[in-house]
Amino acid sequence: MSTACVPDCRPGEGTDCPNYKLEGNKGNVSCLVVEEMLRKMDVDPSKASLCVKAAIMRGHIKISGEKDELKMVVSKGELQCGHRADATLEQLLAQSDYGGHDMELLENAKVICPSGVQDDDSINFDNIRGEECGNEGRAYVTGMCDGDPSFNCGKSHNHCVECPGYGTCIYDYRECHCDNCGGHYFGGSYESYECPCGGE
């Protein structure tokens with residue numbers, strides 16, 4: 001490792017951060033560059049989604065650090081209410097990396113149906129009001145780090161924050177990271193199952 005990484009960027013086999021890899025980084029940008037660009041956009045990197053930061057590192061979301069890039073549309077999709085919505089970088093940076101705790105009410109989902117949302121330029125999305133579609137007008141976006149973002153209710157939004165680098169999406173909210181083997185396993189709704197390797 002040539003340069004120290006930021007705390008959120010974990011070492012380990014399979015990391016995408018060029019700071020840990022001498023060869024074959026596929027043109028990825030380092031965690032230091034990712035977080036410096038976010039700071040230039042007035043975003044606190046320590047509070048930003050790891051899935052989005054991984055997507056920036058891997059080149060799936062391309063930014064230069066200009067503040068107007070926060071309005072960039074990262075994904076488009078149909079909400080459960082039947083309306084279509086755009087998910088901006090600004091919304092997704094504020095999104096949780098796990099939606100399993102919120103998959104019924106979607107109170108913490110940051111993509112909100114545009115048919116009922118008042119215009120608001122602030123970054124504090126918890127202040128947005130004026131919804132007409134209830135929880136069916138809200139969604140999580142998953143798979144950004146894999147370059148294949150999609151809307152869902154949170155049940156399939158699970159970004160593993162224990163994996164190397166900024167982590168990776170494992171989708172099913174019941175999947176867990178095994179500290180013993182480094183893989184993932186079906187832990188069930190209450191993490192009631194163990195990894196086949198015997199660890200957890």
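This is a predicted model: local features need pLDDT of at least 70, side-chain atom pairs count only at pLDDT 80 or more; totals for chains, interfaces and linings use all residues.
Helix 1 and helix 2 of this chain are roughly perpendicular to each other.

Two packed helices are described by the angle between their axes and the distance between the axes. Here the axes of helix 1 and helix 2 come within 9 Å and cross at roughly 115°. Helix 1 passes helix 2 in a right-handed crossing. The table names the residues that make the contact.

| Element | Residues in the contact |
|---|---|
| Helix 1 | Cys31, Val34, Glu35, Met37 and Leu38 |
| Helix 2 | Lys53, Ile56 and Met57 |

By type, the residues of this contact between helix 1 and helix 2 comprise six nonpolar, no polar and two charged.

In soluble globular proteins, nonpolar side chains tend to be buried together. The largest nonpolar core of this model has 37 residues, and Leu38, Val111 and Tyr166 are those with the most contacts inside it. At least two residues of this core come from each of helix 1 (31-40), helix 2 (50-57), strand 2 (84-88), helix 3 (89-93) and strand 4 (138-142). Helix 2 gives the most to this core, namely seven residues.

Which residues are in contact with Leu38, leaving aside its neighbours within four places in sequence? They are Val43, Pro45, Ala48, Lys53, Ile56, Ile63 and Leu93. Leu38 also belongs to the helix 1 side of the contact with helix 2.

**The chain as a whole**

The chain has three helices and nine strands. From the N terminus on, its elements follow the order α-α-β-β-α-β-β-β-β-β-β-β. The chain has 200 residues, of which 45% count as buried. Among contacts in the chain with a separation of 6 or more, 51% are accounted for by residues 24 or more positions apart.

Ala4 lies in the segment before helix 1. Is Ala4 buried or exposed? Its relative accessibility is 55%, so Ala4 counts as exposed, the cut-off for exposed being over 50%. Leaving aside its neighbours within four places in sequence, Ala4 is in contact with Asn19 and Leu32. Ala4 and Asn19 are 15 residues apart along the chain, and their C-alpha atoms are separated by 7.3 Å.

Methods. Residues are numbered from 1 along each chain as its sequence is written. Side-chain values use heavy atoms; hydrogens and water are left out. A nonpolar core is a set of buried Ala, Val, Leu, Ile, Met, Phe, Trp, Tyr and Cys residues joined through side-chain atoms within 4.5 Å. Buried means under 20% relative accessible area, exposed over 50%, partly exposed in between (1.4 Å probe, protein chains only). Helices (H or I, at least four residues) and strands (E, at least two) are DSSP runs, numbered from the N terminus. Contact means heavy atoms within 4.5 Å. Axes are lines fitted to C-alpha atoms, for helices over the stretch in contact, and angles run from 0 to 180 degrees between N-to-C directions. Angles under 35 degrees count as roughly parallel, over 145 as roughly antiparallel, 65 to 115 as roughly perpendicular and the rest as oblique. A crossing is left-handed if the near helix is turned anticlockwise from the far one by less than a right angle, and right-handed if clockwise. Ala, Val, Leu, Ile, Met, Phe, Trp, Tyr, Cys and Pro count as nonpolar, Asp, Glu, Lys and Arg as charged, and the others, Gly among them, as polar.
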